[in-house]
Amino acid sequence: MDLAPARLGELAEGGAPGASFHQTCSLFIAEEAEDRVRDGEPLADLCRAGLVAVVEHLLDQGPLGEFVVLAGGLPESVPLLARLLADATGARVEIPPHPGSLGALGAALIARDIPAT
């Protein structure tokens, strides 16, 4: 849909609460989204459906605990993702400050503790 993450989040906020995709594969979701845009479905609904698909993918990875921390660029730009995940799981879901940098910070801390060869 060629949307910046922040714009996707803004649109998704206004999307229909029950919005979802019929597909589970991201490639097929992209095709379905294109078809639905052509059919005139509101972009806001499709943006929200995309976030619901992300939540469903996270849930497919296995059970989550009672407390979840979301890191990365998407949670940084789209706080709705945390609310949708919390609603789906009942977990306390938080986005820490600077979530887009946490992966790099973690990698640096791990590298720091690896002995030089």
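Which helices do the buried residues of H3 pack against? In this predicted model, the buried residues of H3 pack against helix H1 (5-13), H2, helix H4 (73-77) and helix H5 (80-89). The report starts with the whole protein and then returns to H3 and the other elements.

**Overall layout**

The protein contains six helices and two strands. Along the sequence these follow the pattern α-α-α-β-α-α-β-α. Its C-alpha trace spans about 60 × 30 × 25 Å along the principal axes. Of the 117 residues in the protein, 28% are buried. The accessible surface comes to about 7,500 Å², and 58% of that belongs to carbon and sulfur atoms. Among contacts between residues at least 6 apart in sequence, 68% join residues at least 24 apart.

| Helix | Number of residues | First to last C-alpha | Expected at 1.5 Å a residue |
|---|---|---|---|
| H2 (residues 26-38) | 13 residues | 18 Å | 18 Å |
| H3 | 18 residues | 26 Å | 26 Å |

In H2, the buried residues are Ile-29, Glu-32, Ala-33 and Arg-36. They lie on the same side of H2, because they cover an arc of only 105° around the axis. Leu-27 and Arg-38, on the other side of H2, are exposed. Helix H3 (43-60) is included in what covers the buried residues of H2. Just after H2 comes Gly-40, which takes a positive phi of about 90°.

H3 has a list of buried residues of its own: Ala-44, Asp-45, Leu-46, Cys-47, Arg-48, Ala-49, Leu-51, Val-52, Ala-53 and Val-55.

Gln-23 is located in the loop between H1 and H2. Is this residue buried, partly exposed or exposed? Gln-23 counts as partly exposed, because its relative accessibility is 36%. Apart from neighbours within four places in sequence, Gln-23 is in contact with Phe-28, Ile-29 and Glu-32. Ala-53 is one of the buried residues of H3.

**His-98 and helix H6**

His-98 has a positive phi of about 55° although it is not a glycine. Where is His-98 placed? His-98 is in the loop between strand E2 (92-94) and H6. His-98 counts as exposed, because its relative accessibility of 59% is over the 50% cut-off.

Leu-105 belongs to helix H6 (residues 102-112). With a relative accessible area of 47%, Leu-105 is partly exposed. Which residues form a nonpolar patch on the surface? Leu-102, Leu-105 and Leu-109 form this patch, and together they have about 230 Å² of accessible area. Leu-105 can take part because patches are made of residues with over 30% relative accessible area, and its value is 47%.

How values were computed: Residues numbered from 1 in each chain as written. Predicted model: local features only at pLDDT ≥ 70, side-chain atom pairs only at ≥ 80, totals over all residues. Heavy atoms only, no water. Patch = residues over 30% accessible without salt bridge, like charges linked within 9 Å, V, L, I, M, F, W, Y side chains within 5 Å. Areas by Shrake-Rupley, 256 points an atom, 1.4 Å probe, with all protein chains shown as cover. Salt bridge = Lys/Arg side-chain N within 4 Å of Asp/Glu carboxyl O. Helix = DSSP H or I, 4+ residues; strand = E, 2+ residues; numbered from the N terminus. Buried < 20%, exposed > 50% of the residue type's maximum accessible area, 1.4 Å probe, protein only. Expected span 1.5 Å × (residues − 1). Arc of directions from axis to C-beta. Contact = heavy atoms within 4.5 Å.
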